Each structure stands twice: as C-alpha cells, then as structure tokens.
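Subject: The structure, and what turned up in it

Hi,

Here is the structure to go with your sequence.

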Amino acid sequence: MARHGAHRSGSMMSLPRALALALAQLGDPAILKALGKTAASTLAIFLLGGVALYVGFETAIDSATSMDTGGLGALAAAAGTLVAGWFLFRVVALFVLQFHADEVVRAVEARHYPQSANAARQLGFGEEMGHALRSLGRTLLANVLALPVAGLLLATGLGAAAVFVAVNALLVGRELQDAVWLRYRDQAGERAPLGAGTRFLLGLVVVGVLAIPFLNLLAPILGAASATHLVHRAREKDMHA
C-alpha cells in the first residue's frame, strides 16, 4: 500500500516521472501481452497491404506488357510497403492501440491506482470502434490540411518536418489521454484532465519514438502507460483542489 500511496501525494506528476514509471512496467506480463497483440496486428496490416500491392502491381504489369518482368512486381510492392510504413506506421499503430489500450491502462491501474480503477467503466466494442474511426479521421484530415503549410516550408529543410511533428504530437497526445480518460468521463462535455501543453509534450515523445525502427513498436504502449499516470494524477489533483 505504501507503494500505491507514494504515487498519490504531492503535485501533479511530471512527464519524465510518468515515462520512467511506464518504462519500469514494460516487463509486466499484461503489458507484454498487449504489446504482442498491438505489434502483431500492426505488422499484419502492413503485410496484407504489401500482398495487396504485389497483386495490384503484378496485374498492372502483366496487362501492360507480355515480357517476363521477373520479380518487378514484388520489388515494387516491397518498396511501396516500406514507403507506406514510413509515413503511415504511426497512424496504423495508434489505430490498433485503440482496441488494446484498455489492457495497458488496467495493468498500470492494478499496480499503481487500484482504488481509482474501481470507478472505471468498460468501453463496448462499438464505442471503441467509433473512437478509433474518429481518431483515424482526425489524423488523416489534420495531416492533409498540414500539407500546404509543409509545402511552403519545404525549402527550409526542417520546416516541413516540424509541421508534421507538431500536428501529430497534438493528435497523439489527445488520443493517449482519451484512451484513459474516456473510461472515467461522466458526460461528453466534461473537461479533460490534462492541459494542452502536457498532451503536446507526451505526444511529442511518442512521435519521436515512433520514428525509431523497432523501438516504434513500443511507442504506443509506452504512451498509453504514461498517459495513465498523468491522467490519474491530474484527476486526483482536481478532486483535492
């Protein structure tokens, strides 16, 4: 009980502290199970996408020429999958996380916030799917709207990349907060517990990790676990204010 109480006192938890606690729990069997599901589902989506690209390229090449093109279709599909993975991995990984985030949140709550966890409600599949689709729509729309701004800054070198990083950090921070917050929200208009700055910094860290090959598979899980600490401590601060 002393361990749980240690996380309940004092001011709102800092992001570095939340990240440290999330990293320390990555070996939890429940976290590893959620990581395995998220990673397998994400990779399966890209694998199916690669197969679809291969079939499409082979069909197009065969209809355009009768020459033996060897593995040209497979090469084009592999290149297309790699490009898609670079640009869309974050979108797909966070979409998949919507269906497994509850496992991560419950694992963190069981260790650090067992009393608060009793007040959580279970999200139904329909609600999870609706939230995931809205999240996907916001992500695609925001990135499309960011394209003209990024295009204007393309000549600056880092300007275009900074636009997409900032936009996606805002989006990711909100989605990670909601993965925890929606389980406790009483009504749709209720104010979210985390400030915009905290959400942005959390999203920025996760977007940064998502850019690192192999480690990017950990990013959604790390983000969900960190968001759990941040949301619970913010809620506790509001209740005692």
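Predicted model: local features only at pLDDT ≥ 70, side-chain atom pairs only at ≥ 80, totals over all residues.

Numbering starts from 1 along each chain as its sequence is written, and side-chain values use heavy atoms, with hydrogens and water left out.

**Overall**

The protein has 10 helices and 0 strands. Helices here are DSSP runs of H or I with at least four residues, strands are E runs of at least two, and numbering goes from the N terminus. Of the 241 residues, 41% are buried, meaning under 20% relative accessible area with a 1.4 Å probe, protein chains only (exposed is over 50%, partly exposed in between). The accessible surface is about 12,500 Å², and carbon and sulfur atoms account for 70% of that; the areas come from the Shrake-Rupley method with a 1.4 Å probe, and for residues only the protein chains shown count as cover. Taking contacts between residues at least 6 apart in sequence, 80% join residues at least 24 apart, where contact means heavy atoms within 4.5 Å.

**α8 against α9**

Helix α8 (residues 159-181) packs on helix α9 (residues 196-210) at an angle of about 110°, with the axes 7 Å apart. Those axes are lines fitted to C-alpha atoms over the stretch in contact, and angles run from 0 to 180 degrees between N-to-C directions. The angle makes α8 roughly perpendicular to α9; the cut-offs are 65 to 115 degrees for roughly perpendicular, under 35 for roughly parallel, over 145 for roughly antiparallel, and oblique for the rest. Residues making the contact include Val165, Leu170 and Leu176 from α8, and Phe200, Leu202 and Val206 from α9. By type, the contact residues divide into 11 nonpolar, 4 polar and 2 charged. Nonpolar is Ala, Val, Leu, Ile, Met, Phe, Trp, Tyr, Cys and Pro, charged is Asp, Glu, Lys and Arg, and the others, Gly among them, are polar.

**The core**

The largest nonpolar core has 37 residues, and Ile31, Leu97, Val104, Leu176, Leu202, Val206 and Ile221 touch the most other members. Such a core is a set of buried Ala, Val, Leu, Ile, Met, Phe, Trp, Tyr and Cys residues joined through side-chain atoms within 4.5 Å. Elements giving two or more residues to this core include α3 (29-64), α4 (72-97), α8 and α9, and α10 gives the most, with 9 residues. Beyond four places in sequence, Leu202 touches Leu15, Leu176, Gly223, Ser226, Ala227 and Leu230.

- Alanine 132 lies in helix α7 and is buried, at 0% relative accessibility. Its contacts beyond four places in sequence are Phe95, Gln98 and Phe99.
- Leucine 123 is in the loop between α6 (114-117) and α7 (125-152), and its 14% relative accessibility counts as buried. Leucine 123 and leucine 182 are 59 residues apart along the chain, with C-alpha atoms separated by 8.2 Å.
- Aspartate 28 sits in the loop between α2 and α3 and is buried at 14% relative accessibility. Leaving out neighbours within four places in sequence, aspartate 28 is in contact with Ala107 and Arg111.

Cheers
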